[in-house]
Amino acid sequence: ACLAALKTLPPTEFKTDGDVVHVNFKYLFPPSELRLMRLYSWPQFFDKFPNDFKRTFDTKIFFALKPLFEQLGYEFKGE
């Protein structure tokens, strides 16, 4: 909340790789938004749970959700 108030939240980084998008969350979203992201993605690594910082999305799903989150004030940075 403090970072958001100061407008210093780091952007969520993503990289498109064919039919999937690899996402690196720099901070965890609030619980309801995080649950939505977890619902439509899978962890990049399966050896440590929970793994909410690095997720993989289907490209169509990610680019459908991205504008909705941007309207809420979240920032994304593509590589």
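Is Arg38 buried, partly exposed or exposed, and what is its relative accessibility? Arg38 counts as partly exposed, because its relative accessibility is 41%, a value between the 20% and 50% cut-offs.

## The model and its confidence

The structure is a predicted model. The average pLDDT of the protein is 91, and 100% of the residues score at least 70. Where pLDDT is low, predicted coordinates should not be read in detail.

## Three salt bridges

A search of the whole structure finds three salt bridges. One of them joins Asp52 and Arg38, whose closest N and O atoms are 3.1 Å apart. This pair links distant parts of the chain: Asp52 sits in the loop between β3 (41-43) and β4, and Arg38 sits in helix α2, 14 residues apart. Asp52 counts as buried, because its relative accessibility is 9%.

Another salt bridge is formed by the side chains of Glu13 and Lys26, with an N to O distance of 3.6 Å. Glu13 belongs to strand β1 and Lys26 to the loop between β2 and α2, so this pair ties together parts that are 13 residues apart in sequence. Lys26 is partly exposed, with a relative accessible area of 38%.

A further salt bridge joins Lys66 and Glu70, with the closest N and O atoms 2.9 Å apart. Both residues are in helix α3 (residues 59-71). Because Lys66 and Glu70 are four residues apart in that helix, about one helical turn separates them. Lys66 counts as buried, with a relative accessibility of 16%, whereas Glu70 is partly exposed, with a relative accessible area of 34%.

## The loop between β3 and β4

Asn51 is also placed in the loop between β3 and β4. Asn51 is buried, because its relative accessible area of 13% is under the 20% cut-off. Which residues does Asn51 contact, leaving aside its neighbours within four places in sequence? They are Pro43 and Phe45. The side chain of Asn51 reaches the backbone oxygen of Phe45 at a distance of 3.5 Å.

## Two strand residues

Asn24 is part of strand β2 (residues 20-24). Asn24 counts as buried, because its relative accessibility is 18%. Not counting residues up to four places away in sequence, Asn24 touches Thr12, Glu13, Phe53 and Lys54. One of these, Glu13, is the residue that meets Lys26 in a salt bridge.

Asp58 is found in strand β4 (residues 54-58). With a relative accessible area of 32%, Asp58 is partly exposed. Not counting residues up to four places away in sequence, Asp58 touches Asp19 and Trp42. A polar atom of the Asp58 side chain lies 2.9 Å from the backbone nitrogen of Lys60. Asp58 and Phe14 are 44 residues apart along the chain, and their C-alpha atoms are separated by 12 Å.

## A nonpolar patch on the surface

Which residues form a nonpolar patch on the surface? The patch consists of Leu36, Leu39, Tyr40 and Ile61, and together these residues have about 350 Å² of accessible area. Leu39 lies in helix α2 (residues 31-39), the helix that also holds Arg38. Leu39 is exposed, because its relative accessible area of 60% is over the 50% cut-off.

## A positive phi at Lys7

Most residues other than glycine have a negative phi. Lys7 has a positive phi, of about 55°, although it is not a glycine. Where is Lys7 found in the chain? Lys7 lies in the loop between α1 and β1 (12-17). Lys7 counts as exposed, because its relative accessibility is 77%.

Technical notes. Residues numbered from 1 in each chain as written. Predicted model: local features only at pLDDT ≥ 70, side-chain atom pairs only at ≥ 80, totals over all residues. Heavy atoms only, no water. Patch = residues over 30% accessible without salt bridge, like charges linked within 9 Å, V, L, I, M, F, W, Y side chains within 5 Å. Areas by Shrake-Rupley, 256 points an atom, 1.4 Å probe, with all protein chains shown as cover. Salt bridge = Lys/Arg side-chain N within 4 Å of Asp/Glu carboxyl O. Buried < 20%, exposed > 50% of the residue type's maximum accessible area, 1.4 Å probe, protein only. Contact = heavy atoms within 4.5 Å. Polar contact = N/O pair within 3.5 Å; in protein donor to acceptor, adjacent residues only side chain to side chain. pLDDT = per-residue confidence, 0-100.
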